[in-house]
Amino acid sequence: MPERPATAQMQQLNQALEWLSRSYLGGIPVDRIATVVGVLLSYALAHAFQRIPARRPAAKHMFSIVSTVFLFGLVQEQYTGLLHLTVGAVALYGLMRLVNRAYMPYAVFLAAMLHLSYSHVRRQLNEHVSGRVELDYTGAQMVFVIKATSLAFCIHDGQQPQAGLSAYQRKNAISQTPDVLEYLGYVFFFPGFAVGPAFEMATYRRMVALDNARAQSQLPRRAYAKLFQGVLWMAVFVAYGGTYTFQALSERQFYAQRSFPAIALHLCVAGVAARAAYYTAWKMGEGACILTGLGFDGVDKQGNALWMDIANVHVRGVELGSSLRQLIDSWNIGTNTWLRHHVYLRLASQQAAAKSRASTRATVLTFLVSAWWHGFYPGYYLTFVLAALAANAARILRRNLHALVALDEHSSATRRTVRRAYDVAGWILSKYTLDFVAAPFMVLSFGTSLRIWQANCYVVPLAVLAIFVAFSGLGAGRFLHKLVGPPASSAKLVKGD
């Protein structure tokens with residue numbers, strides 16, 4: 001982290017944030033409070049942004065750029081990061097303009113990821129010296145990389161025959177490289193610059209062109225509902241974030257005195273408390289983006305406004321999902337969309353003649369890109385590897401157990417009760433697995449991660465291994481099918497089954 005400027009104004013701001021942290025927020029680091037303050041200020045700026053007429057798009061782009069300089073530079077004091085991202089944005093725009101269109105998106109992708117890698121390494125070295133994890137500009141750069149590389153691929157798609165594109169690619173294809181002001185307005189879009197969500201250039205253009213009084217009247221209600229959610233999750237984090245931590249589970253004097261159920265419960269509550277910090281920033285960021293009109297997707301035949309789902313996270317899916325796949329898909333949605341449409345599907349489509357092999361290779365490469373994008377802490381890789389294995393094991397288990405609990409319109413009350421118990425058990429196991437898998441992501445250190453897993457008796461990796469051996473090696477699935485049989489193909493399954 002660079003030294004914070006010693007101007008009188010900045011000293012007063014830092015002192016105010018430190019007082020707020022000590023008095024009301026349980027000692028939350030000042031850099032995190034400054035991020036939230038920046039997001040909250042973006043609501044006021046979003047109201048001003050709305051007042052710029054749609055016929056003046058250049059003014060909207062310039063307003064967005066200047067607002068980001070104010071929020072990220074002056075409020076969060078990320079001057080080095082602002083310089084890095086400005087230079088990076090200009091360099092990537094040059095590649096979009098100058099490199100042959102056939103190779104351009106790949107050149108942009110490689111350059112953006114290499115620059116991000118440098119920033120990750122720089123951050124880790126600084127944190128090794130300081131001894132604490134600090135917020136810097138890498139979070140904003142990760143969002144920037146998604147947007148810049150997505151734009152490069154969308155420009156490439158705009159030059160391809162429409163018949164060869166997916167529905168998502170056709171909707172977001174860009175026929176020509178945008179001018180530099182529109183490009184900078186997009187990548188430096190102020191409400192989502194620091195915390196997301198990421199989105200496509202086509203979505204940004206619809207927001208800039210929004211000139212529908214009926215749609216605009218809906219924006220405050222939709223936006224402030226997100227802000228309210230963020231405030232609620234901030235309260236959860238302040239109340240429980242300091243008491244229930246992953247770090248405590250790595251201390252022998254803590255877990256040696258507790259039973260496994262008590263340790264597992266602490267793990268799950270710590271997971272909710274840790275995610276509450278993300279929910280706070282992400283939901284507030286979503287609301288500020290919505291307040292500008294982002295997500296507007298035209299109108300239906302009756303003239304009603306249509307809205308895209310502008311979201312970083314679906315909290316209900318993460319906290320109440322009954323399967324690990326649902327939990328994963330509901331988290332960091334912008335990143336998942338980017339990985340799916342601009343990495344996985346493009347890799348998988350390159351070898352259509354060998355779909356199975358191409359799909360496997362694309363899955364592995366997508367995992368590597370995700371790990372690369374997040375950084376180089378060992379905890380990230382422990383989480384990603386175990387998450388991939390656990391998701392595959394959960395899919396095997398669900399596929400083979402489904403026949404035991406499948407419902408149709410003639411199912412008895414007893415069978416329906418069994419199904420409800422199955423769903424509850426699936427939720428409990430999925431939640432525990434999520435928190436077990438996510439612990440290394442939160443603590444980052446390899447040794448600390450293993451101690452947390454040890455405190456939990458390595459339950460998840462052992463269960464994953466047992467599932468692979470039982471169903472892939474010993475044929476447990478064939479035994480279950482012989483014992484129970486698959487659900488009748490002619491039965492009408494109950495909705496949601």
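Figure 1. Leaving aside neighbours within four places in sequence, H266 is in contact (heavy atoms within 4.5 Å) with T243, Y244, T245, A248, L249 and F254. The model is a predicted one, in which local features need pLDDT of at least 70 and side-chain atom pairs count only at pLDDT 80 or more, whereas totals for chains, interfaces and linings use all residues. Residues are numbered from 1 along each chain as its sequence is written, and side-chain values use heavy atoms, with hydrogens and water left out. H266 belongs to helix α13, residues 260-291; helices (H or I, at least four residues) and strands (E, at least two) are DSSP runs, numbered from the N terminus. With a relative accessibility of 7%, H266 counts as buried. Buried denotes under 20% relative accessible area, exposed over 50%, and partly exposed the range in between (1.4 Å probe, protein chains only).

Figure 2. The side chains of K283 and E286 form a salt bridge, at 3.1 Å from N to O. A salt bridge is defined as a side-chain nitrogen of Lys or Arg within 4 Å of a carboxyl oxygen of Asp or Glu. The two residues are three apart in helix α13 and are therefore separated by about one helical turn. In general, an α-helix has 3.6 residues a turn, so residues three or four places apart point the same way. Both partners are buried: K283 has a relative accessibility of 3%, and E286 has 0%.

Figure 3. K431 pairs with E319 in a salt bridge whose closest N and O atoms are 2.6 Å apart. This pair links distant parts of the chain, as K431 lies in helix α19 and E319 in helix α14 (residues 315-320), 112 residues apart. K431 is buried at 7% relative accessibility, and E319 is buried at 11%. Together with R275 and D435, these two residues are linked in a network of salt bridges. Elsewhere in view, the side chains of D423 and R419 meet in a salt bridge of 3.2 Å, N to O. D423 and R419 are four residues apart in helix α19, and about one helical turn separates them. D423 counts as partly exposed at 28% relative accessibility, whereas R419 is buried, with a relative accessible area of 8%. The structure holds twelve salt bridges.

Figure 4. The buried residues are M201, A202, T203, Y204, M207 and V208. Their cover includes α2 (30-50), α3 (57-75), α6 (138-157), α7 (167-172) and α8 (180-187). In the loop between α8 and α9 lies P197, which is joined to G196 by a cis peptide bond with omega of about 10°.

**Figure 5. Two loop residues with positive phi.** E77, a residue other than glycine, has a positive phi near 60°. E77 is located in the loop between α3 and α4 (79-98) and, at 5% relative accessibility, is buried. L444 likewise is not a glycine and has a positive phi of about 75°. The loop between α19 (413-443) and α20 (446-455) holds L444, which is buried at 7% relative accessibility.

Figure 6. L41, F70, L74 and Y79 form a nonpolar patch on the surface, together presenting about 330 Å² of accessible area. Patches comprise residues with over 30% relative accessible area and no salt bridge, with like charges joined within 9 Å and nonpolar side chains (Val, Leu, Ile, Met, Phe, Trp, Tyr) within 5 Å; accessible areas come from the Shrake-Rupley method with a 1.4 Å probe, and for residues only the protein chains shown count as cover. Y79 lies in helix α4 and counts as partly exposed at 35% relative accessibility. Helix α4 also contains H84, which is buried at 17% relative accessibility. Not counting residues up to four places away in sequence, H84 touches H115, Y118 and Y137.

**Figure 7. The bend in helix α18.** Helix α18 (residues 378-405) has 28 residues that should span 40 Å at 1.5 Å a residue, and its end C-alpha atoms are 39 Å apart, which agrees. The expected span is 1.5 Å times one less than the number of residues. The helix bends by about 30° at R399, the bend being the angle between axes fitted to the seven residues ending there and the seven starting there.
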